[in-house]
Amino acid sequence: MTDAVQAFVSAVVYVRNDEAGIYGFLKWLGPALEERFFQVEVVCVDDASADGSADEIRRAAAELPGVTLTIIHMGYHHGREAAMRAGDDLAIGDYVFEFDRAVPEFPLSALDEAFKTMMEGYDIVGVAPRGRRRFTSKLFYKVINHSAGVANDLDTETFRILSRRALNRIQSTSQAFPYRKALYANSGLPQATVSYEICDGGGRSEKRDAEDGRYRLRIAVDALVLFTQTGYKVALGFSFFMMAVALFMIVYSFVSYFAGITVSGWMTTVLFMAFAFFGLFGILAIVLKYLQIIVDLVFKKKAYIFEGIERN
Amino acid sequence: MRSFDRIILGAGLYGLYAAVQSAQQGCSVLVLECDEAPFTRATYVNQARVHQGYHYPRSLYTATRSAGYFRRFSEDYGFCINDSFEQIYATSSAMSWSDAQQFQDFCRAADIPCEEVDSDRFFKTGMCDGAFKTQEYTYDAMLLKDHFLEELKGMSGIDVRYDSRTRAIRKDGDRFVIELESREVVETGFLINTTYASVNQVLDLLGLDLFKIKYELCEITLCEPSDELRGYGLTVMDGPFFSIMPFGKTGLHSLTSVSFTPHEASYAALPTFRCQDEVGTYCSPHHLGNCDACPARPTSAFPFMANLARKYLLDRYGFTYKGSLYSMKPILKSSEIDDSRPTVIRVHSEDPTLVSVLSGKINTIYDMDEVLGCD
């Protein structure tokens, strides 16, 4: 691309204890965006880093006069999802790049490729590496794509671009952001994925520590619970199964009584327990249904989502 | 050496108000202004808001203080007031320090009108959690200037000198002796420092304690509003947001934003900026030039302010860029937490008297009455 595109873009970058890499990433990304777009804003979300990340961001900002750089300091460690949401809220660009990881592991041509794809009429464009997936990532995406009923399949993404329209849609859809990608996938807007061959990232790869691992696991479980019916179906199915077992015990105890094969008191004990369990699991099924409705109310504010209205 | 009852530094609104009040009491007054005309800096280059307190939802003190003077100012200077528009305040859904309920509670506490309106009338869905019709006006600094110039003409005992820079000030017994760049020397027993952003520079000449100030080089952009926008002023609170509202009676709207209006900040005791290196003697930490007339004015941040506003506003409230105004804004460091903008009137000494005034709001000029002895 030779001429800067007449567009205002924001890049939201997640930063968590990354003093070793953030300066290099910003110095790499900033000029690349600047030469491609008319107006550029970078929003770094410092998720309560305990190291010198903020100073490194400031150092990069001082050396990038053409880029407007803002830092949001999170009050305490929020995790990637909530922190990126804050960055998205502050960003003012017509197009917002989300960098969940500040790692220069993709070729800069992926920026052009992704933006070009967006101009073809997509509101959300994800950029993912070809091949190479962790087994756990593969499993997670397989389950969520299979059972969440999302309109667009989810995959591991390095970064993505969102249009202002997509951000507005998401803002008015759901206030609590348990997992952005599932919301994006279900936003009802056209989306695409662009892939690239992995480059070595200047010898750096993403740092994953135990804290990050625990966070990812929690988000994965939350996402599965909230966006798939799996947990609800399993629990409800088990409740119905146990109700059936209790019912069987009631019938069995009557049969045994009339067949005269019981000892004294067995009939009343078993009958009581079977009734109690039948009632208990019945109540559990109702409670589960209520919980499901509450989850729907909290996380799906809009009753329906449309892509557009066409008048002929 | 000519002697005056009072010498006033700075021909902004506060300076000329003090001059007129002093002359009415029979004082001989000299006003020294380093620019070629009055009202060329902060009095003109600001949002032109006649505050009634809405802007300070976290400082009830500032709010009630503004509200108290709102009516008085609007009556005294009605000719320069534009009240023919609806002023809407809204609270942003995200990133705001105050929400709709808190804003309403605050208005009730400050006893200022606040009527909830549908935020979807003005803002994109979900962007604001509340919108309120308020009562707030804008003043036209140029009309106000004409009024003061007219008033000064008819008064005896006031001498206003433009293009006159102060070279040195020293205390001599119960007098202040002021030496001008023109080599002229004048003296007074009552010196009033209404130089706003230069307040510390004057105090520094006398070796006095300085105000603890953060300096911000600010840009106000002026826009032609769309027909739909013309009758409205829209302000999104309380954080990194924006305001677009009529700029006096000029027919233009001013557009400002908390994040992009300040271009650069200085935390030094005297205003120290990189751009000063480019302009020689025009501007330095010891003498501020006029940012609006400066050859080293920063590039406009209009694209940023405009995008921020468009992120919130419905498309029909459009606007086009007309130009930018720049000025230096001193902010008391103590007021950053509650966002208050107190009017500080500090009496440094008596016999000779030295008074400094620091205020970011025009309608608190009446706070000076006490020190001017016209209560």
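This is a predicted model: local features need pLDDT of at least 70, side-chain atom pairs count only at pLDDT 80 or more; totals for chains, interfaces and linings use all residues.
## A tour of the two-chain model

The phi of B:Y196 is near 55 degrees, a positive value in a residue other than glycine. Is B:Y196 buried or exposed? B:Y196 is buried, with 24 other C-beta atoms within 10 Å.

**Next stop: B:D111**

Stay in chain B and select B:D111. Look in the loop between α3 (100-110) and β7 (114-117) of chain B. B:D111 also has a positive phi, about 60 degrees, although it is not a glycine. Its surroundings are another matter. B:D111 is exposed, with 11 other C-beta atoms within 10 Å. The cut-offs explain the two labels: a residue with 20 or more such neighbours is buried, and one with 12 or fewer is exposed.

**Cis peptide bonds in chain B**

Now select B:M237 and B:D238. What kind of peptide bond joins B:M237 and B:D238? The bond is cis, with omega about -20 degrees. B:D238 sits in the loop of chain B that runs between β16 (232-237) and β17 (242-246).

Move on to B:D351 and B:P352. A cis peptide bond joins this pair too, and its omega is about -5 degrees. To place B:P352, find the loop between β21 (344-349) and β22 (353-358) of chain B.

**Where the chains meet**

Show both chains together. How many residues of chain B are in contact with chain A? Twelve residues of chain B are, and they meet 14 residues of chain A. Colour the chain B side by residue type: six residues are nonpolar, four are polar and two are charged.

**Across to chain A**

Chain A has ten helices and seven strands. Of its 312 residues, 29% count as buried. Now consider contacts in chain A between residues at least 6 apart in sequence: 84% of them join residues at least 24 apart.

**A pair of helices**

Select helix α1 (residues 22-36) and helix α2 (residues 53-62) of chain A. Their axes come within 8 Å and cross at roughly 25 degrees. An angle under 35 degrees counts as roughly parallel, so α1(A) is roughly parallel to α2(A). The crossing is right-handed.

Show the side chains at the contact. From α1(A), pick A:I22, A:Y23, A:L26 and A:K27. From α2(A), pick A:S53, A:E56, A:I57, A:R59 and A:A60. By type, the residues of this contact are five nonpolar, one polar and three charged.

**An enclosed helix**

Go to helix α3 (residues 80-90) of chain A. How many of its eleven residues are buried? Eight are, so the helix is largely enclosed by the rest of the structure. Select the buried ones: A:A83, A:M84, A:R85, A:A86, A:G87, A:D88, A:D89 and A:L90.

**Last stop: the core**

Bring chain B back. The largest nonpolar core holds 160 residues. Which of them touch the most other members? Select A:V12, A:V13, A:V45 and B:Y139. Then highlight strand β1 (residues 5-15) of chain A, which gives the largest share of this core, seven residues.

Set aside its neighbours within four places in sequence, and A:V13 is in contact with A:V42, A:C44, A:V45, A:F99 and A:A102.

Key
Residues are numbered from 1 along each chain as its sequence is written. Chains are lettered from A and ligands numbered from 1 in the order in which they are written. Two residues are in contact if their C-beta atoms, placed from the backbone, lie within 7 Å. Ala, Val, Leu, Ile, Met, Phe, Trp, Tyr, Cys and Pro count as nonpolar, Asp, Glu, Lys and Arg as charged, and the others, Gly among them, as polar. Axes are lines fitted to C-alpha atoms, for helices over the stretch in contact, and angles run from 0 to 180 degrees between N-to-C directions. Helices (H or I, at least four residues) and strands (E, at least two) are DSSP runs, numbered from the N terminus. Angles under 35 degrees count as roughly parallel, over 145 as roughly antiparallel, 65 to 115 as roughly perpendicular and the rest as oblique. A crossing is left-handed if the near helix is turned anticlockwise from the far one by less than a right angle, and right-handed if clockwise. A nonpolar core is a set of buried Ala, Val, Leu, Ile, Met, Phe, Trp, Tyr and Cys residues joined through C-beta atoms within 7 Å.
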